[in-house]
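Here is a briefing for a first look at this structure. Keep the sequence and the 3D view at hand.

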Amino acid sequence: MASRYEEWYGGEGRRADILEKGLLGKLLHLFPNARSVLEVGCGTGHFTRWMAERGLDAVGLDISERMLSEAHRLGGPRYLPGDAHSLPFADRSHDVTALITTLEFLPDPARALAEAVRVARQGVLLGVLNRWSLLALRYRLSGKAMWRSARFFGPWELAKMVREAAGQRTRTVLWRTTLWPIPGMRDLPLPWGGFIGMAVQLNEESKA
Ligand SMILES: C[S@@+](CC[C@H](N)C(=O)[O-])C[C@H]1O[C@@H](n2cnc3c(N)ncnc32)[C@H](O)[C@@H]1O
C-alpha cells in the first residue's frame, strides 16, 4: 500500500487533495506565528512536504517503516519512527501538531490527541474523514480492509474529544468541512462534507 499511497493523490484522489489542502491551508493561518510543525501519522509525507513547502520547519512521524521509507524516497522534510500514543518529544516542543487522516486508524485516539496537545505550543491541526458524510458511507460500503478498521468521527464528537484532551489549554476550536459530492462547494461550517478540518488554538501559558 505504501508505494501506491502517493499515486492516489495524483489520480483518483486529486480533487480530495486540492480541497483538503485548501481547507487545511486556511486553518494554518490561525497560527500566524507558527514556525514548526510535527505531522503525526505522516504516511508517505504527502502533507508534511506540503507544510514544508509553505515555509514551516516540518517533521513527520509514523509507526510504519514502509510508509517512512516511501516518505524518505520521495524526499523533503525529516521523518522519524514513533507511536502517536507516546510521542518521543518534550512538552511544547513544536508550534503545531497535525494529524491528517490518522486519528481514524488509532486504537486510542483520545490518548493520541492528549499527546498532540502535550507536544504543541500553539495548537493542533486535524484532518478527519467525516462520519456524517456520503463519502464515509461510500468508504464503509466499499468493504476495503483499510476502511473496515477505520473509526470515523463527526465534527462535534471530534471537538468534544479535543476539548477534553486540551482541558484548560483550549482557547478556540474551529472547524469546517469540505469534499462535498457537489462540485464547486467549498469549505463550510456544515457537518456533512466528507473531510473535517479542525484547528485547535491552545493557551500557551496555562497548564494542561
Ligand atoms: C491514512 S494514513 C495518513 C497518512 C498521511 N497523514 C496522509 O494523509 O497522507 C494513516 C497513517 O497513520 C499511521 N499510523 C497508524 N497507527 C499509528 C500510530 N500508532 N502511530 C503513528 N502513526 C500511525 C499509518 O502508518 C499511516 O501512515
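I18 has 44% relative accessibility, so I18 counts as partly exposed. Here, buried means under 20% relative accessible area, exposed means over 50%, and partly exposed lies in between (1.4 Å probe, protein chains only). This is a predicted model, in which local features need pLDDT of at least 70, side-chain atom pairs count only at pLDDT 80 or more, and totals for chains, interfaces and linings use all residues. Residues are numbered from 1 along each chain as its sequence is written, and side-chain values use heavy atoms, with hydrogens and water left out.

**I18 and L179**

- I18 sits in helix α2 (residues 14–28). Helices (H or I, at least four residues) and strands (E, at least two) are DSSP runs, numbered from the N terminus.
- In sequence, I18 and L179 are 161 residues apart. In space, their C-alpha atoms are 9.4 Å apart.
- L179 belongs to the loop between β6 and β7.
- L179 is counted as buried because its relative accessibility is 11%.
- L179 is not a glycine, yet its phi is positive, near 65°.

**Another positive phi in a loop**

- R92 is also a residue other than glycine, with a positive phi of about 50°.
- R92 lies in the loop between β3 and β4.
- With 24% relative accessibility, R92 counts as partly exposed.

**Around the ligand**

- There are 21 residues around the ligand (a heavy atom within 4 Å). Y9, E39, G41, D62 and I100 come nearest.
- A polar backbone atom of G41 is 2.8 Å from a nitrogen atom of the ligand. A polar contact is a pair of N or O atoms within 3.5 Å; within protein, one must be able to donate a hydrogen and the other to accept it, and residues adjacent in sequence count only if both atoms are side-chain atoms.
- In the side chain of D62, an N or O atom is 2.6 Å from an oxygen atom of the ligand.
- I100 has a polar backbone atom 2.8 Å from a nitrogen atom of the ligand.
- Taken alone, the ligand exposes 600 Å², and the protein buries 91% of that. Accessible areas come from the Shrake-Rupley method with a 1.4 Å probe; for residues, only the protein chains shown count as cover.

**T102**

- T102 is in the loop between β4 (94–100) and α5.
- T102 is at 9% relative accessibility and therefore counts as buried.
- A polar atom of the T102 side chain lies 3.1 Å from the backbone oxygen of I100.
- Not counting residues up to four places away in sequence, T102 touches V40 and G41. Contact means heavy atoms within 4.5 Å.

**Helix α4**

- Helix α4 spans residues 65–74, and its buried residues are M67, L68, E70 and A71.
- Seen down the helix axis, these buried residues fall within an arc of 160°, so they line one face of α4. The arc is that of the directions from the helix axis to the C-beta atoms.
- E65, R66 and R73 are exposed on the other side of α4.
- The cover over the buried residues of α4 includes α1 (2–10), α3 (46–53), β2 (57–62) and β3 (78–81).

**Nonpolar cores**

- The largest nonpolar core has 31 residues. Such a core is a set of buried Ala, Val, Leu, Ile, Met, Phe, Trp, Tyr and Cys residues joined through side-chain atoms within 4.5 Å.
- L103, V124, L126, L158 and M198 touch the most other members of this core.
- At least two residues of this core come from each of β1 (36–40), β2, α5 (109–119), β5 (120–129), α8 (155–166), β6 (170–178) and β7.
- Helix α8 gives the largest share, 6 residues.
- L103 touches P109, A112, L113, L126, V128, F153 and L158, not counting residues up to four places away in sequence.

**Q201**

- Q201 is part of strand β7 (residues 195–202).
- Q201 counts as buried because its relative accessibility is 13%.
- A polar atom of the Q201 side chain lies 3.0 Å from the backbone oxygen of L30.
- Leaving aside neighbours within four places in sequence, Q201 is in contact with L30, F31, Q122, R169, T170, R171 and T172.
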